[in-house]
Amino acid sequence: LRTARNPLASKDDGESFTKVKSKKTQKRKRDEDGVNMDTDADGPAAVKRPQFPPISGDKLRGPDQMRKIPVPAHRYTPLKDNWMKIFTPIVENLQLQVRFNLKTRNVEIKTCKETQDIGSLTKAADFVKAFVLGFQVEDALALVRLDELFLESFDVTDVKPLKGDHLSRAIGRIAGKGGKTKFTIENVTKTRIVLADTKVHILGSFQNIKMARTAICNLILGSPPSKVYGNIRVVASRTAERF
């Protein structure tokens, strides 16, 4: 059955709905308001910026900071022999204070009033840490002079859980006869490598460390040195062409 619609009800429904403005109209209005605000800001009523006096260097620098680098027993003698080579660049070039604490057996590096750059503390700490890990002073000094150098350390057993003679053979494959394999990887990848028991320390740029690490991991996993030489030479030549 059809029922006649009530005309009054439809009229009420029409009144209950409100007309919504389109997004374009709203956007146009916002843009106009923005233009008006800009013109007002340029007028004489614009607020002046507050001007503060410059902060003095002492307040900006904050309190003195210190880094401590623990020295293992087997590095005492090399540290003593090369102390002046370590001491001179840290004090004269980086303007830091350094001492060896005999009680705690740490090398302590501290900032002072003469320190210009706060980042030099990190450089000095990395320099001493590299020497403590077994790198030559001349190689470790590159960390102070260059910004793009890094240190990376990992354990042979992190790559493959080896034990006994298998572990010894893996370390032997990395070193090679008379250190030949290690020197070849160093020369091709332009890095410095230290083998300390089962630890491997690599010093170099990010890309070069990656190449050296890949070669060492392949040797640990059992690849023959000749195959590893070929792979790193190909990667090194590609990198040289790219730059």
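Trainee: Which residues does Pro70 touch, not counting residues up to four places away in sequence?

Mentor: Pro70 touches Arg105, Asn106 and Val132 when residues up to four places away in sequence are not counted; contact means heavy atoms within 4.5 Å. This is a predicted model, in which local features need pLDDT of at least 70, side-chain atom pairs count only at pLDDT 80 or more, and totals for chains, interfaces and linings use all residues.

Trainee: Where is Pro70 found, and what separates its C-alpha atom from that of Val107?

Mentor: Pro70 is found in strand 1 (residues 66-70), a strand being a DSSP run of E of at least two residues and a helix one of H or I of at least four, numbered from the N terminus. The C-alpha atoms of Pro70 and Val107 are separated by 6.4 Å, although the two are 37 residues apart along the chain.

Trainee: How do you know whether Pro70 counts as buried or exposed?

Mentor: Its relative accessibility is 56%, so Pro70 counts as exposed (buried is under 20% relative accessible area, exposed over 50%, partly exposed in between, with a 1.4 Å probe and protein chains only). Arg105 has a relative accessible area of 45%, and is therefore partly exposed.

Trainee: What is noted about the phi of Arg105?

Mentor: Arg105 has a positive phi of about 60° although it is not a glycine, and its place is in the loop between strand 2 (97-101) and strand 3. Most residues other than glycine have a negative phi. Asp197, in the loop between strand 5 (192-196) and strand 6 (199-204), also has a positive phi, near 60°. At 64% relative accessibility, Asp197 counts as exposed.

Trainee: How do you know that the span of helix 6 agrees with its 14 residues?

Mentor: The expected span is 1.5 Å times one less than the number of residues. For helix 6 (residues 120-133) that should be 20 Å, and the end C-alpha atoms are 20 Å apart, so the two agree. Just after helix 6, Gly134 takes a positive phi of about 125°.

Trainee: What makes helix 5 roughly parallel or roughly antiparallel to helix 6?

Mentor: Their axes, lines fitted to C-alpha atoms over the stretch in contact, with angles from 0 to 180 degrees between N-to-C directions, come within 11 Å and cross at roughly 170°. Helix 5 is therefore roughly antiparallel to helix 6 (under 35 degrees is roughly parallel, over 145 roughly antiparallel, 65 to 115 roughly perpendicular, the rest oblique). Lys85, Ile86, Pro89 and Ile90 in helix 5 meet Ala124, Phe127, Val128 and Phe131 in helix 6.

Trainee: Why is helix 11 given its orientation to helix 13?

Mentor: The axes of helix 11 (residues 180-189) and helix 13 (residues 225-242) come within 10 Å and cross at roughly 10°. That makes helix 11 roughly parallel to helix 13. The contact is made by Lys180, Thr181, Thr184, Ile185 and Val188 of helix 11 and Tyr229, Ile232, Arg233 and Ala236 of helix 13.

Trainee: Which residues touch the most other members of the largest nonpolar core?

Mentor: Among its 27 residues, they are Ile86, Ile90, Leu96, Val107, Ile109, Phe127 and Val128; a nonpolar core is a set of buried Ala, Val, Leu, Ile, Met, Phe, Trp, Tyr and Cys residues joined through side-chain atoms within 4.5 Å. Helix 6 gives the most to this core, with eight residues.

How values were computed:
Residues are numbered from 1 along each chain as its sequence is written. Side-chain values use heavy atoms; hydrogens and water are left out.
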